[in-house]
Amino acid sequence: MAVAGDFAKGQSRPARAPFDGWRFVGRFGSLLVLAGLIIFMVSAYPDTFATKSNVINVLNQSALTAIISMGLTFPLIAGDFDLSIGYVGSCGGVVACQLMVANGFSIAEAFAVAVAFGALVGVLNGLIVTKIGVNPLVATLGVGTLVLGINYAIAGGTPVALTHPLPFLNLTLGKLFGVPYPVYVMFGLALLLWTLLNRTVMGQSMQAVGGNPVAARLSGLHVDRVRVIAFMIAGVCAVVAGVLLASTSGQAASDGADGYLLTAFAACFFGTAVLSNGQFHILGTIVGVLTIGIGFNAIALIGLATYYQFLFQGALLLAGVGVGTLARRHAHV
């Protein structure tokens, strides 16, 4: 009887699932890297890294990257790529500054026109991809090149500088409670886009389209419209980042935001290893951006050469792609 009782007890105990290393890395890998980086820097440089001013500095330097990266997250969620965001951001800054310099537009009016321009480019990307069927990489690279041509046609390849830049400079150099305005824009936009993605029908539709476009179409979703909207969001966010970038110096350089392309992709892919097993999402992108920002800050504080930033950024991109691919593959096993 005792043996039977012990057997029954053994049968009632649920079997403990074996530890799944890839699934764990796919969910927490990026957070572990970020935590490890912070712990190392706090321990090694407590008087410079672990200060309020440096934290605000890292957030401020990460703000524009976060804005353009969060926009890129939407096409990636929908299963597409957008290689035009850097060119669109640069051209958005040029368009806004040119309108203020040559046409007497106010900051708000110029900003609104630039945002409309970004939305239009995003819609063009989406229509070429969905209606003509061009590969997203080719389509967005082609559209980005067209935007680059428009950029140089407007500015001639030279910076467009404002005669009286102070009000424009205040967009990014101004502070509220000691925190620069771009930080508030970053967190406000993050909340808005997270809500759009996770609490609206459109956001759920994007995730469904990215997961299985055929099943999404069969279930009645307007797949093409969803993809176009995703590209439009990317274009708008790129322009917002581009205009704010121009505001940091009071002038728009023709290639000002071009360098954000690699950084945005690195942040998005690295962020797939944050609580999602290889899926793109806003929180993950923010973690990716902050990891890059803290990494760049660490490189500067340590005194390493600038090229280490590119090495660090490239490593994060490869790590994000590799871990995300393995996590998704493991999830389907």
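Before going on, the ground rules. This is a predicted model, where local features need pLDDT of at least 70, side-chain atom pairs count only at pLDDT 80 or more, and totals for chains, interfaces and linings use all residues. Residues are numbered from 1 along each chain as its sequence is written, and side-chain values use heavy atoms, with hydrogens and water left out.

Back to Ser-69, which sits in helix α3; helices are DSSP runs of H or I, at least four residues, numbered from the N terminus. Is Ser-69 buried or exposed? Its relative accessible area is 0%, so Ser-69 is buried, where buried means under 20% and exposed over 50%, partly exposed in between, with a 1.4 Å probe and protein chains only.

What does Ser-69 touch, beyond residues up to four places away in sequence? Thr-263, Ala-264, Ala-267, Cys-268, Thr-285 and Val-289, contact meaning heavy atoms within 4.5 Å. Gly-288 is 219 residues from Ser-69 along the chain, and their C-alpha atoms are 9.2 Å apart.

Now the helix itself. α3 is mostly covered, with 19 of its 26 residues buried. Just after α3, Gly-79 has a positive phi of about 90°.

Notes
Helices (H or I, at least four residues) and strands (E, at least two) are DSSP runs, numbered from the N terminus.
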